Amino acid sequence: MSHACRPETSERYQEQSDAACHMHWLQPPILTRCTRFDSDTTCTWAPFQSEMEWEIARWAKLRNLTYSAVNDLLSIDGVREALGLSYRNVTQLDALIDTLPGHPPFKCETLSLYGQEFSLHYRDIVSCIRGLIGNPDFADHLVFSPERHYVDAEKTVRVIDEMHTGDWWWSVQASLERQRPGATVIPLILSSDKTQLTLFRGKTAYPVYLTIGNIPKGIRRRLSRNSQILIGYLPSTRLEHIPGKTARRRALANLFHSCIHRILAVIGPYGETGITMATSDGSRYRCHPILATFIGDYPEQALVTCTLYGRCPKCLVPPDQLGTFARYPNRNYAIAHDLFSLGSGDRKIFHARCRMAGFRPVIHPFWKNLPYSNIFLSITPDILHQLSQGVLKHIITWITDRKAFGPIEINTRCQYLPPNHHIRAFPKGLTVLSRVSGQEHRDMCRILLGLIVDLPLPGGRSPQRLINAVRAMLDFLYLAQYNSHTMATLQLLDHALRRFHENKGIFVDLGIRSNFNMPKIHSLLHYSSSITLFGTTDNYNTEQSERLHIDFAKDAYRATNKKNELPQMTKWLERREKIQSYHAFIQRQRLGVGPSAPYLTQNTSTREVEIARHPSARRVSFRDLVDKYGAIDFSDSLADFVIHHDFPALSTTAAQRRANNTLIPFNSVSVFHKIWIVEKTQDSGTVDAAFARPEKQDEKGNTIPARFDMVLVSRGSDGPRVAQLRVVFQIPTDAISELFTQSVPPTHFAYVEWFSPFPPEPEPNHLMYRVSRSYRANRRLAAVVPITAIKRSIHLFPQFGPTVPRHWHASTVLEQCRTFYVNPFSDEDMYKALSLGMDTG
C-alpha cells in the first residue's frame with residue numbers, strides 16, 4: 001500500500017511554522033517544585049517524618065477510605081507507635097497534606113439569577129494552565145509551535161495526528177505573529193457534562209474539565225498522568241420554580257453561560273496580549289491561552305453554541321435536510337457575535353432575531369469576547385454518542401426489525417461465532433440486552449457484518465443495499481478512529497459516508513424509517529474538516545470526560561457526608577491532587593531521572609510473541625497430540641521443519657526425501673496452551689492472545705470445550721496466511737543438538753493447519769476475504785513454524801447461508817463449516833490491514 005494510506009510510517013518529514021524562529025527562551029535559575037518543600041535535604045519525605053508515614057498517608061487518601069475507617073485504624077493501641085506516625089487522626093493528616101503544593105484551591109462565588117442564588121465552585125484557570133505548563137512530568141513532551149508532518153521528503157503526503165499538526169493551530173499562530181512575533185499558543189480543551197451521583201435520589205454534579213493541546217494526546221488520554229484538571233462545578237439546578245419549559249430552558253442556558261464566562265473571563269485579555277509562563281526547566285514563553293475545542297455530547301454542544309435543539313451546532317443545514325449528504329455553509333461567527341451583542345438592548349427584538357437565526361436568546365454567551373476563537377469550529381466529533389451510542393445503535397435496531405432480518409436469526413447466529421481474543425460473546429443475542437453501554441455497542445459492531453451476510457430479506461427482496469449501508473457505516477466508524485490520517489484516508493472517510501447515504505434508502509423501502517433527519521447522522525459530515533483543523537478524534541473524545549466523572553465527581557461525592565457536598569468534594573479533590581503530585585515528585589527524586597521519561601508520539605512500537613515461563617502440560621505424547629489436539633501430522637511436519645531449517649537451499653523433492661528419512665529422537669513434548677502478543681512500548685501490554693488447548697474439566701466437573709484459535713502466520717515473501725493454531729510446544733533440551741545439526745533452532749514452535757491464501761480481491765458484495773481449509777491428498781495441510789512467525793490472532797465468520805445449521809456449535813464451528821470470511825472489524829489493526837482491499841502485510 002502507498003504512503004498515502006499508511007500514515008503510521010515511522011519516518012516523518014516536518015515543516016514548522018515561521019513563528020518557531022521568533023520564539024525566544026529566557027533562562028532564569030531553574031525552579032522546580034522541590035524548592036517549595038522543607039529545605040532540610042536530610043528529610044526526603046518532608047513534611048512527613050518518614051517514608052512509612054508518607055506511604056500510610058498516600059494509602060489512606062488514594063484508596064477512597066472513609067474518615068471513620070482511617071480514624072479507627074489510628075486509634076488502635078500501638079498502631080501509631082509501631083508505624084512511627086506523627087498524626088493522631090485524619091484531621092492532623094489533612095493538615096499535613098494541606099501544606100503540600102498543588103493546583104490552585106477552589107473558590108466559591110454566589111450568582112444571583114432569576115430570583116435565586118447559586119453557588120459556583122471554580123479555580124483560577126490561568127494558575128491551572130501555568131501548573132500544566134510547569135509540570136516536570138510534561139517538560140520533555142510539551143509542544144509550543146504548530147508543525148506540518150509528511151511521510152515523504154517531497155512533502156506531498158501530509159499526516160495529521162496531534163493537535164499541533166492540524167490547520168487551526170497554524171492559522172491562529174499566523175494571526176498572532178502578524179500582531180506581535182514570538183507568541184506561543186496554548187490551545188485550551190474544555191469539556192463539560194452533567195453526571196449522576198446517585199441512582200435513586202437524583203443527585204447530580206456538573207463538572208468542567210481543562211487540558212491543553214500542548215500536551216501530546218497519548219499523555220492526555222492517560223488519566224494517571226494527571227493532565228486533565230477539574231476547573232469548576234457548575235450549579236446543577238433544574239430551575240423548577242420557573243414555569244414553562246421554554247422559559248426554563250432559556251434560564252438554564254443563561255445560567256450555564258454566566259458560570260462559564262466567570263471561569264474563562266480572565267483569559268480573554270491574555271489571549272490578545274499573552275502572559276509569561278515557565279516550564280519546569282526554567283524556559284519562559286509568552287503564552288496566549290485560546291479556546292480550541294469544547295468537548296461534549298449533542299445537548300451540551302447545542303447549549304454551548306446557543307443553537308436550538310434539533311439544529312446543527314456547526315452549519316446552517318435546514319432541519320428537514322439533516323439526513324442528506326449535502327453540505328451547507330458553516331455558521332458565521334461574526335454574524336452570531338453581532339446578533340448576541342443585541343442582548344443588552346430590547347429583549348423582544350433580541351428574542352425575535354434569535355428565533356429567526358435558529359439561536360437560543362442567551363444574553364451574554366461566554367465565548368462572545370474570547371479572542372481568536374470560533375465556537376462553531378470548536379465543536380468536535382463525538383465518537384461515543386454520535387457513532388457508538390448513536391448512528392450504529394440505530395442501525396442495529398433497524399436490521400433486527402422484523403421488516404428487515406428480524407431478531408431471531410441474528411440472535412441465533414451470535415451463538416455460533418468462534419471465540420477470539422477481541423470478540424465479545426453474546427450467547428443470547430443482541431436484542432435481549434438492556435441499557436447497552438458504548439463499549440457493548442462497539443463489541444456488537446465487531447461482529448455485525450458477519451451476522452447479516454447471506455441473510456434474506458422478507459418478500460425475496462435483495463439485501464445488497466442493506467449490506468452496503470452497514471458496511472459503509474462500519475468503515476466510517478473505524479476510519480474515524482484512526483490515530484493518524486493523510487488526505488487519502490480522509491477521502492476514504494468521506495467516501496464511506498457517501499456510500500452509506502447512497503444505500504440508506506433501503507430502510508425507507510422496508511418501512512423501517514420515513515426519513516433520516518437526525519443531528520447525529522448529519523454530524524458525520526463534519527468529521528473530516530474537524531480532523532483537518534484539530535487533529536484526529538482521539539484528541540477530543542468524550543469518553544475521556546466520561547471516565548473523569550468517576551474520579552472527579554462520583555468518588556469525590558462518596559467521600560462526603562452527603563450534606564452540602566460540593567465544598568467537601570472540592571477539598572477532597574485538592575488533597576488527592578496534592579498527594580498525586582507529591583508522589584510524582586518523590587518518584588523523580590528517588591529514581592534520579594530528569595523531569596520526565598521519553599514519550600514517543602509516532603508509531604514506533606514493536607510486537608512480540610510471549611508464552612508462559614512454565615508449560616501447561618509436560619511430556620505430552622505424540623499419540624495425545626493426535627487424539628487430544630488434532631495434530632495428525634505432527635511428526636512429519638516437525639521433520640519437514642527440521643530439514644528446511646538446516647538445509648534451506650534444498651529443492652522440494654530433495655527436502656522431502658531427506659525429511660522422510662529423518663528420525664525424531666523423542667516421543668513427547670512440553671505444550672503451552674496460550675500465547676500472548678505483547679506491544680513493546682512505554683505503555684507495553686498484551687494486545688492480542690491465542691489459545692491452543694484441548695477439552696478439559698473445571699473444578700466442578702463441568703466440561704470446558706477445546707479451543708484452537710485462528711492466527712495469521714508470516715511466510716516471508718509469500719505473504720501472511722491464515723492458519724489454525726493446534727499445538728504450541730517446546731522440544732526436549734537434550735534432543736535439540738541431535739535433531740538440528742546445522743543451525744541453532746528457535747526455542748518454541750507451533751503446529752498449525754493452513755487455510756487457503758488470501759485471494760487477490762475481497763468478495764464484492766461485502767468486501768470481506770473468503771478462505772477455506774487447505775487439503776493435500778484429502779488430509780489437512782499442516783506445518784510446524786516458529787512461534788515468532790505468528791503475527792496476530794484472526795477471527796473468522798462462518799459462511800452461514802440463509803439458515804444456520806442447528807447442529808453447529810461455537811466451539812466446533814471451525815471444524816464443521818467449510819468456508820469462512822475473514823473478519824476485518826475484530827480490532828482496529830485488523831481493519832487497517834484488511835479493509836477495502838488493503839494489503840495484508
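The structure is a predicted model, in which local features need pLDDT of at least 70 and side-chain atom pairs count only at pLDDT 80 or more, while totals for chains, interfaces and linings use all residues. Residues are numbered from 1 along each chain as its sequence is written, and side-chain values use heavy atoms, with hydrogens and water left out. Helices (DSSP runs of H or I, at least four residues) and strands (DSSP runs of E, at least two) are numbered from the N terminus.

**Salt bridges**

- A search of the whole structure finds 39 salt bridges, a salt bridge being a side-chain nitrogen of Lys or Arg within 4 Å of a carboxyl oxygen of Asp or Glu.
- Asp-94 and Arg-575 meet through their side chains in a salt bridge with an N to O distance of 3.2 Å; because Asp-94 lies in helix 4 (residues 90–98) and Arg-575 in helix 23 (residues 565–591), the pair ties together parts that are 481 residues apart in sequence.
- Asp-94 is buried, with a relative accessible area of 5%, and Arg-575 also counts as buried, at 12% relative accessibility, where buried means under 20% relative accessible area, exposed means over 50% and partly exposed lies in between (1.4 Å probe, protein chains only).
- Asp-494 forms a salt bridge with Arg-327, and the closest N and O atoms are 3.5 Å apart; Asp-494 lies in helix 18 (residues 487–503) and Arg-327 in the loop between helix 10 and helix 11 (333–340), so this pair ties together parts that are 167 residues apart in sequence.
- Arg-327 is partly exposed, with a relative accessible area of 46%.
- Salt bridges also link Arg-726, Glu-753, Arg-773, Arg-780 and Glu-815 in a network.

**Arg-442 and its surroundings**

- Arg-442 lies in helix 16 (residues 438–452) and is buried, with a relative accessible area of 12%.
- Glu-543 forms a salt bridge with Arg-442, the closest N and O atoms being 2.8 Å apart; since Glu-543 lies in helix 22 (residues 542–558) and Arg-442 in helix 16, the pair ties together parts that are 101 residues apart in sequence.
- Glu-543 is partly exposed, with a relative accessible area of 28%.
- The side chain of Arg-442 also makes a polar contact with the side chain of Gln-439, at 3.0 Å; a polar contact is a pair of N or O atoms within 3.5 Å, where, within protein, one must be able to donate a hydrogen and the other to accept it, and residues adjacent in sequence count only if both atoms are side-chain atoms.
- Apart from neighbours within four places in sequence, Arg-442 is in contact with Leu-384, Ser-388, Gln-481 and Glu-543, contact meaning heavy atoms within 4.5 Å.

**Thr-293 and its surroundings**

- Thr-293 lies in strand 12 (residues 284–295) and is buried, with a relative accessible area of 0%.
- Apart from neighbours within four places in sequence, the residues in contact with Thr-293 include Met-163, Leu-188, Ser-378 and Phe-534.

**Cavities**

- A cavity is a set of points, on a 1 Å grid over the protein atoms alone, where a 1.4 Å probe fits but cannot get out, and its lining residues have an atom within 4 Å of a point; the count comes to 5 cavities of 30 Å³ or more.
- Helix 20 gives the most to the lining of the largest cavity, with 3 residues.

How values were computed:
1 Å grid on protein atoms, 1.4 Å probe; cavity = no way out; pocket = protein on both sides within 12 Å on 5 of 7 lines; lining within 4 Å. Points joined across faces, edges and corners; volume = space filled by probe spheres on them.
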